[in-house]
Amino acid sequence: METSGGIRASLAGRYASALFELARDERQIDAVSGSLQAVRATLDSSADLRAVTSSPLIDRKEAAKAVSATAAALQLDPTTTNFLGVLARNGRLRQLPEVIRLFGRLVADHRGETTAEVV
C-alpha cells in the first residue's frame with residue numbers, strides 16, 4: 001500500500017500533497033474534490049483539453065489561457081482554478097491526471113476510507 005509519504009515521492013505526488021494541504025487548511029476539500037472530478041470528466045471527454053494538458057507543442061502561456069477558460073466554463077472553485085494555473089505556468093499539466101488520482105487517495109486517507117479489491 002502506498003502511504004502518503006510514498007505519494008510525495010513523485011512529482012505528481014508533491015503537487016497533489018500541496019493541493020491537499022492547501023484545501024485542508026482552507027477547509028475546501030469537498031470543493032476541490034468536486035472540481036477535480038469535473039476536470040477528470042472533462043479530460044475523459046474532451047480531446048482538446050487532453051491535447052492542452054499533454055502536448056509539448058503548446059506553450060505555457062497558451063496552456064494557461066486554455067486552462068483558465070476551462071476552469072471558468074466548469075465553474076471550478078478558486079483553489080483548483082489557481083492550482084491549474086500553477087501547473088500550466090510550471091509546464092506540469094502532463095501531471096494532471098496523476099495529481100487528480102493521488103489527491104483522491106489523500107482525501108480518502110484523510111477521511112479514513114479504505115479501498116478493497118473484490119476478486
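Let's start with Val 32, which is found in helix H3. Helices here are DSSP runs of H or I with at least four residues, strands are E runs of at least two, and numbering goes from the N terminus. This is a predicted model, where local features need pLDDT of at least 70, side-chain atom pairs count only at pLDDT 80 or more, and totals for chains, interfaces and linings use all residues. Residues are numbered from 1 along each chain as its sequence is written, and side-chain values use heavy atoms, with hydrogens and water left out.

Back to Val 32. Is Val 32 buried or exposed? Buried, because its relative accessibility is 0%. The cut-offs are under 20% relative accessible area for buried, over 50% for exposed, and partly exposed in between, with a 1.4 Å probe and protein chains only. What does Val 32 touch? Not counting residues up to four places away in sequence, the list is Leu 19, Ala 23, Asp 77, Thr 79, Thr 80 and Phe 103. Contact means heavy atoms within 4.5 Å. Phe 20 sits twelve residues from Val 32 in sequence, with 8.5 Å between the two C-alpha atoms.

Now the helix around it. Which residues of H3 are buried? Ile 29, Val 32, Ser 33, Ser 35, Leu 36, Val 39, Thr 42 and Leu 43. One reminder on spacing: an α-helix has 3.6 residues a turn, so residues three or four places apart point the same way. The cover over the buried residues of H3 includes helices H2 (11–25), H4 (47–54), H5 (60–74), H6 (78–89) and H7 (96–111).

Take H2 first. H2 has 15 residues and reaches 21 Å from its first C-alpha to its last, close to the 21 Å expected at 1.5 Å a residue. Its buried residues are Ala 12, Gly 13, Tyr 15, Ala 16, Ser 17, Leu 19, Phe 20 and Ala 23.

How do H2 and H3 pack? At about 135°, with their axes 8 Å apart. That angle makes H2 oblique to H3. Axes are lines fitted to C-alpha atoms, for helices over the stretch in contact, and angles run from 0 to 180 degrees between N-to-C directions. Under 35 degrees counts as roughly parallel, over 145 as roughly antiparallel, 65 to 115 as roughly perpendicular, and the rest as oblique. On the H2 side, the residues are Leu 19, Phe 20, Ala 23 and Arg 24; they meet Ile 29, Val 32 and Leu 36 in H3. By class, this contact of H2 with H3 has six nonpolar, no polar and one charged residues. Nonpolar means Ala, Val, Leu, Ile, Met, Phe, Trp, Tyr, Cys and Pro; charged means Asp, Glu, Lys and Arg; the others, Gly among them, are polar.

Next, H3 with H4. Their axes come within 5 Å and cross at roughly 105°. The two helices are therefore roughly perpendicular to each other. H3 brings Val 39, Thr 42, Leu 43, Asp 44 and Ser 45, and H4 brings Ala 47, Leu 49, Arg 50 and Thr 53. The class count for H3 with H4 is four nonpolar, three polar and two charged.

On to the core. A nonpolar core is a set of buried Ala, Val, Leu, Ile, Met, Phe, Trp, Tyr and Cys residues joined through side-chain atoms within 4.5 Å. The largest one has 30 residues, and Val 39, Leu 84, Leu 87, Leu 93, Leu 96 and Phe 103 touch the most other members. H2, H3, H4, H5, H6 and H7 each supply at least two residues of this core. H7 gives the largest share, seven residues. Leu 87 is in contact with Tyr 15, Arg 92, Leu 93 and Leu 96, leaving aside neighbours within four places in sequence.

Last, the loops. Most residues other than glycine have a negative phi, and most peptide bonds are trans. Arg 27, in the loop between H2 and H3, has a positive phi of about 55° although it is not a glycine. Arg 27 is exposed, at 76% relative accessible area. Gln 75 lies in the loop between H5 and H6. Its phi is near 55°, again positive in a residue other than glycine, and Gln 75 is exposed at 71%.

Methods. The expected span of a helix is 1.5 Å times one less than its number of residues.
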